[in-house]
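Here is a brief report on a structure. It covers chain contacts and then aromatic rings.

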Amino acid sequence: MIHPNFPKAAIVAALTALPILPAHAVAQDKNTYSTIERGLYLTRAGDCAACHTSDPEKPYAGNYPLATPFGTIHSSNLTPDDATGLGKWTADDFYKAMNEGKRPDGSGLYPAFPYTHFTLVTREDSEAIFAYLKTLEPVSQKVEKPGFPFPLNERVVMKGWNALNFDDRKFTPVDGKSAEWNRGYYLAEGLGHCAMCHSPKNMLGAEENGAAAYTGGMAEGWFAPPLKAHGNAPGLSDWSKKDVSDYLKYGRNEQTAAFGPMADVISKSTRYLSDPDLEALAAYLTDLPNTQEKDNTKTGSTQEAASSDTGKLVYDTQCAACHGAQGEGVKLQFAKLAGSNIVQSDNPTTLLRVILEGTKAVPTAKYPTPHAMPAFNWKLKNDEVVAVANYVRNAFGNSAPAVSSSDVEKLRQGS
Amino acid sequence: MVKILPRREVVIVGFGWTGAILAEQLTAEGLDVVALERGVWRDTSTEYAVTNIQDEVRYRYRDELFEDLSRETLTFRNDISQTALPMRMLGSFLPGTNVGGAGVHWNGQTWRFLPSDFVAKSHNEERYGPLADGMTVQDWGITYDELEPHYTRFEDLCGISGKAGNINGQIQEGGNPFEGWRSKEYPNPPLEMVLAPKMFAKAATELGYKPFPGPAANMSQAYTNPLGVQMAPCTYCGFCEKYACGNYSKATPATTIIPALMQRENFELRTEAMVLRVIKSPDGKRAEGVEYITPEGEILHQPADIVILAAYITHNVHLMLTSGIGTPYDPRTGQGVVGKNYAYQCVSGVIVFFDEDTHINPYVGAGALGMVVDNFNGDNFDHTGLGFIGGGYIGQWQTNGRPMESHPVPEGTPKFGAGWKKAVRESYGHTVGIGTHGAVMSHRGNYLDLDPTYTDAYGRPLLRMTFDFTDNEFNMSNYLTDRAVEIAKAMGGREIREGRRKGHYSIVPYQSTHNTGGTIMGSNPRESVINKYQQSWDLENLFLTGAGAFPQNPGYNPTGTVAALAYHTADAIRNIYLKSPGPLVQA
């Protein structure tokens with residue numbers, strides 16, 4: 001039953017993380033310690049805390065405001081409080097929410113809750129998560145009503161939305177792919193809900209799939225970069241499996257370090273995953289289909305920007321001390337800009353925000369140093385930011401479309 | 001109304017190098033440790049960035065990293081016949097404040113003392129006869145061999161860049177042949193040398209000396225230390241001393257220990273906690289804990305099983321005196337120990353001016369980028385007939401070309417105006433400084449006590465510093481400066497300018513933050529405040545770290561030895577004291 005490649009020492013971890021086993025292979029009693037432990041593990045795998053905790057003193061008590069293009073929605077209280085949380089829910093109710101996006105009364109949940117992904121989660125995993133949530137301290141926390149305009153404030157509209165955008169799927173292993181890959185598929189597409197951030201969304205706020213899947217998307221004001229080659233950005237095509245698993249486990253690898261919302265994902269979720277699960281995610285994510293219609297890498301670029309005097313001057317005086325004269329960075333400390341996915345993404349939001357606001361790597365046990373990129377918004381004028389952004393997008397063998405002063409100004413104004 | 005807090009296993013006063021080392025070591029042992037720091041949280045990620053750190057006005061001239069004299073300072077006089085006056089501006093030395101302490105703004109010159117330095121009294125008396133009158137030099141009560149593993153530990157923590165000169169007794173080509181044995185090579189290779197230190201090394205070699213790269217806490221390459229904390233390669237920006245490093249390239253508590261330490265659940269750091277005194281138990285045999293004040297004026301009492309004073313030396317001495325621990329030193333009788341043997345560093349310099357074809361590029365620098373000769377340090381040479389003991393190193397450090405602070409001009413240049421500007425313009429890029437870094441031997445009249453007149457913001461008497469250079473220092477410094485002048489001349493410049501040590505010690509011009517003594521270590525309680533484990537002879541659960549332990553100050557920068565002593569203390573607490581609390585050395 002255990003994948004032959006799993007090292008023996010990882011078997012315990014693997015046992016807690018193999019929901020694709022037939023139901024009789026896992027403990028049936030929801031209240032056993034192992035079920036609750038597995039529930040904790042899966043709750044972390046789903047990064048539930050990210051959206052369901054607004055006050056660190058009240059974990060999973062919800063009421064965390066999520067800004068969407070349609071208005072702000074507050075997350076539900078997952079603690080077993082009768083009046084404001086899941087106290088009166090049954091395991092069936094919980095599975096229905098996960099699987100169909102429906103509340104116990106049958107009304108629709110808004111898809112800020114990723115039931116479009118969680119529909120893949122097995123009944124056993126759903127029950128383990130529910131068993132874990134039942135062990136939390138009940139917290140009375142009222143959740144604010146969604147600030148959506150009419151008609152979106154009527155949950156009934158979700159019927160139409162679901163008809164267009166929701167596919168009630170079950171997890172079925174893909175033939176011809178390894179057990180590891182399938183496990184990665186289950187985690188990434190299901191609980192991991194990676195595409196919520198890393199895929200673009202349509203007019204209705206639903207993820208685009210097919211060729212557009214994993215070509216990058218907006219998340220909390222940041223551009224989550226493509227995970228597969230798209231435009232000039234290489235995605236994860238030049239990352240090894242180890243690069244991916246190290247990144248998810250430690251928050252950094254030999255290419256870069258996580259920051260922004262992804263640092264949060266790592267510190268609350270992926271760093272807790274077992275090595276086999278991280279390797280499974282890596283197997284899946286490094287195997288995303290290349291859907292680039294034509295190889296347009298190195299086209300549409302502004303190579304002249306690479307020879308921009310201002311851009312090079314700003315880079316040499318402000319950036320090279322850490323990122324290196326040739327954008328080579330310092331392994332595991334300062335990001336390599338040559339070949340960087342974020343630097344070359346069509347959408348420059350993240351690159352520009354990092355230059356303007358700075359950012360900080362997430363410290364983990366293996367890499368405790370909280371390396372930070374300082375903010376340059378007080379030091380560089382818009383045209384200097386533009387010049388240096390275009391320089392790094394097109395120097396060191398990089399290639400990407402030009403950014404404009406209005407891109408920078410918009411971000412300065414916080415829009 | 002004093003609020004009594006829950007008892008902790010260890011309380012550490014001051015959170016610089018030694019506070020961080022002890023906290024790391026004792027939390028690793030599983031002890032519950034709380035550190036009290038008078039300043040605020042500061043680290044590279046939150047405060048010190050490449051975008052703002054190279055700011056001479058903010059850091060050098062507005063003292064942002066240094067202690068605030070409006071709260072507490074000291075009074076100063078040269079000798080006991082004078083009335084001491086408060087130091088109202090920083091000058092000669094620059095104690096730090098905030099998390100990391102002075103460890104944030106050091107240059108990174110990381111030395112080991114010579115084996116003979118630890119037995120300065122017996123060694124010199126055996127070789128040269130009785131010490132000069134008034135000299136109160138003592139043996140340390142600890143040997144180099146005992147400290148060697150702890151030096152190594154600190155060098156590994158910091159990722160020191162250097163070249164060993166003596167590995168297990170085997171002299172190594174290119175290193176310092178005079179140094180004590182070391183168990184292994186430095187963790188990183190030396191920094192990349194620039195023109196000036198190369199010219200110095202060539203001239204020194206021609207004169208028969210043995211130049212070697214100065215041991216540097218500036219990273220010659222990326223480094224991950226044994227705690228998993230990472231440092232990046234030095235960029236040679238020339239902002240080390242008096243500045244924090246914005247590139248994670250200089251070893252400081254924040255770049256080597258604190259990231260790992262802050263993840264430990266048995267460690268707590270309280271900032272803006274100003275410790276006012278050590279509280280003694282009713283029987284006067286133990287430290288009960290410490291009393292501190294918050295910015296809101298609340299007085300808190302933190303009881304602890306082990307109390308460690310890891311503040312700067314002047315504050316450690318001050319806390320001992322104001323808490324009534326041990327007998328204050330009296331220079332008239334020579335009795336008492338607290339405040340005894342205050343010492344300092346005795347530095348001089350020679351500047352070589354070259355013509356415009358020799359490009360020194362002074363702005364390319366690092367705090368410990370340089371070549372050094374150790375032929376005239378400690379007892380590395382015969383002192384017979386020279387009129388002094390001890391010595392110092394002679395080095396060419398290219399630390400900086402910071403434009404406001406560093407603009408050497410030839411002798412006879414006007415002090416301002418067009419002539420000065422012209423000389424600065426002509427000299428800036430074409431000048432090399434050679435420094436001598438001499439010992440200060442302890443002397444009966446140099447000491448620390450409480451001032452009878454002035455008080456600090458908390459109503460406590462200020463510390464009073466009584467200090468002057470003696471004949472030993474002048475003879476030593478002149479001898480070293482003569483040697484430096486010879487090297488300077490051999491470098492072939494256009495002209496040289498000597499900066500000899502002259503006249504009384506002054507606290508006004510910056511010299512070095514190498515204040516030592518006052519809580520000195522030794523082999524018995526009659527002559528010292530602490531034993532070789534830095535444990536108080538008076539209160540067995542009280543430990544004092546820092547350069548206050550030095551019975552006299554050898555001719556090297558102190559940090560390496562301060563840290564090695566801290567590791568030695570941590571080791572003794574972990575392996576001896578915890579098993580059997582009590583005096584680690586019988587008086």
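## Interface

Across the interface of chain A and chain B, eight residue pairs are in polar contact, both at pLDDT 80 or more. A polar contact is a pair of N or O atoms within 3.5 Å; within protein, one must be able to donate a hydrogen and the other to accept it, and residues adjacent in sequence count only if both atoms are side-chain atoms. The rule finds zero salt bridges there (a side-chain nitrogen of Lys or Arg within 4 Å of a carboxyl oxygen of Asp or Glu).

This is a predicted model: local features need pLDDT of at least 70, side-chain atom pairs count only at pLDDT 80 or more, and totals for chains, interfaces and linings use all residues. Side-chain values use heavy atoms, without hydrogens and water.

The contact (heavy atoms within 4.5 Å) takes 23 residues from chain A and 22 residues from chain B.

## Aromatic pairs

The whole structure holds 54 aromatic pairs over all chains. Rings of Phe, Tyr and Trp (its six-membered ring) pair if their centres lie within 6.5 Å; planes under 30 degrees apart count as stacked, over 60 as edge-to-face and the rest as tilted. The ring centres of A:Tyr115 and A:Phe166 are 5.1 Å apart with planes at 75°, so this pair is edge-to-face. Both A:Tyr115 and A:Phe166 are buried (under 20% relative accessible area, with exposed over 50% and partly exposed in between; 1.4 Å probe, protein chains only).

B:Phe113 and B:Trp140 also pair edge-to-face, at 5.9 Å centre to centre and 70° between the planes. Both B:Phe113 and B:Trp140 are buried. They belong to one aromatic cluster, with B:Trp111 and B:Phe118 also among its members.

Key:
Residues are numbered from 1 along each chain as its sequence is written. Chains are lettered from A and ligands numbered from 1 in the order in which they are written.
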